[in-house]
Amino acid sequence: MDVVTTIEDFYGVYLLVSRSENRSFAGRTYIGYTVDPNRRISQHNRGREGGGAKKTSERGPWQMILIIHGFPNSLSALRFEWAWQQPNISRRLKNIPGLGKKSSLRKFDLQFRILTEMLRIGPWNRLPLVIRWLADDFVRDFPPEKLPPVHMEISFGRVKRKKKLARIEDDIAEGGSQKSLSCCLCSSPIEEPRQSLLTCINPQCSLQCHIICLARVCITESNQYIPTEGDCPICFTHFLWGDLIRKKNGCSDLVATSDDATDTEHGNYNDLSIDSTDEDSDDS
Ligand SMILES: [Zn+2]
Ligand SMILES: [Zn+2]
């Protein structure tokens, strides 16, 4: 696996496995979104200080096993990331048996099973996705009755993002510094986060967007200027517009629903990503 493929407009969702020597971390998995897999894996392995996520800090070394790419934009990839992380909440996956935290499968095998199902259902089964294996010793065949759609490519070996000048999506949901936050909906930078940045009421969701961009999505009637309610474009959580604005202004109980919530001040939204099998660890 030493040929490196270079791709422009890269939007990927990856799976990491911990190779920690500590038994309580070894074999843990982590799912995340990236536009630059090589940069991202080194961030995870440098820990929190190096831009990695809280969930992976000091629990590695982490190895990137799989990356799914070919998403048309960041929003599409972020939705895929969300569903893969949260199969028991995702409206598209929650009715498929055997994908929940209670599964007796090894963590990696469970994540692979969830992925197998995701690739076969809409909207993902229509996307020109590439399933790329990055670690020889983890490569699995898809079960014959659960093959991905034929238009999807199964590839092997490393992938590199082709750098473009002023690529603005770089830091979306990826732990970028606050000054380079980008909007999930319009891909433009969020210049004044204090005034114009909105995040989801769901603390595990990586939505970050301009207030005005989300308002446009939520306005349903042409004579309406301010929405009254809507659904998050990534995790589909229903919200009242007022709750979202109160959360933004820091005057709502919603702010304190997770101890991770303080991360939003630093633009480290990817730290809110969770490993769906991380919490109820039952390996003993
Ligand atoms: Zn925007
Ligand atoms: Zn959300």
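## Nonpolar core

The largest nonpolar core has 54 residues, and Val13, Leu16, Phe80, Trp84, Cys184 and Ile234 have the most contacts inside it. Strand 2, strand 3, strand 4, helix 2 (74–85) and helix 3 (107–119) each give two or more residues to this core. Helix 2 gives the most, with seven residues. The core also spans a domain boundary: at least three residues come from each of domain 1 (4–162) and domain 2 (193–249).

This is a predicted model. The protein chain has six helices and eleven strands. Of its 284 residues, 38% count as buried. Among contacts between residues at least 6 apart in sequence, 63% join residues at least 24 apart.

## Strand 2

Strand 2 covers residues 12–18, and seven of its seven residues are buried, so the strand is largely enclosed by the rest of the structure. Both faces are covered. Gly12, Tyr14, Leu16 and Ser18 are buried on one side. Val13, Leu15 and Val17 are buried on the other.

Two strands pair with strand 2. Strand 3 (residues 29–34) runs antiparallel to strand 2, joined by six bridges. Strand 4 (residues 62–69) is also antiparallel to strand 2, over seven bridges. Leucine 16 has tyrosine 30 as its bridge partner in strand 3. Valine 17 has glutamine 63 as its bridge partner in strand 4.

Which residues does leucine 16 contact, leaving aside neighbours within four places in sequence? They are Thr29, Tyr30, His44, Thr56, Trp62, Gln63, Met64 and Ile65.

## Cis peptide bonds

Most peptide bonds are trans. The bond from glycine 60 to proline 61 is cis, with omega near 5 degrees. Proline 61 lies in the loop between helix 1 (37–46) and strand 4.

The bond from glycine 122 to proline 123 is cis too, with omega near 0 degrees. Proline 123 sits in the loop between helix 3 and strand 5 (130–133).

## Positive phi

Most residues other than glycine have a negative phi. Serine 187 has a positive phi, near 65 degrees. Its loop runs between strand 7 (159–161) and helix 4 (193–196). Is serine 187 buried, exposed or partly exposed? Serine 187 is partly exposed, because 16 other C-beta atoms lie within 10 Å, and a buried residue needs 20 or more.

Phenylalanine 236 also has a positive phi, near 65 degrees. Phenylalanine 236 is in the loop between strand 10 (229–231) and strand 11 (238–240). With 17 C-beta neighbours inside 10 Å, phenylalanine 236 counts as partly exposed.

Terms used: Residues are numbered from 1 along each chain as its sequence is written. Chains are lettered from A and ligands numbered from 1 in the order in which they are written. This is a predicted model: local features need pLDDT of at least 70, side-chain atom pairs count only at pLDDT 80 or more; totals for chains, interfaces and linings use all residues. A residue is buried if 20 or more other C-beta atoms lie within 10 Å of its own, exposed if 12 or fewer, and partly exposed in between; C-beta atoms are placed from the backbone. Helices (H or I, at least four residues) and strands (E, at least two) are DSSP runs, numbered from the N terminus. Two strands pair if DSSP finds at least two bridges between them. A nonpolar core is a set of buried Ala, Val, Leu, Ile, Met, Phe, Trp, Tyr and Cys residues joined through C-beta atoms within 7 Å. Domain bounds come from an automatic or database domain assignment. Two residues are in contact if their C-beta atoms, placed from the backbone, lie within 7 Å.
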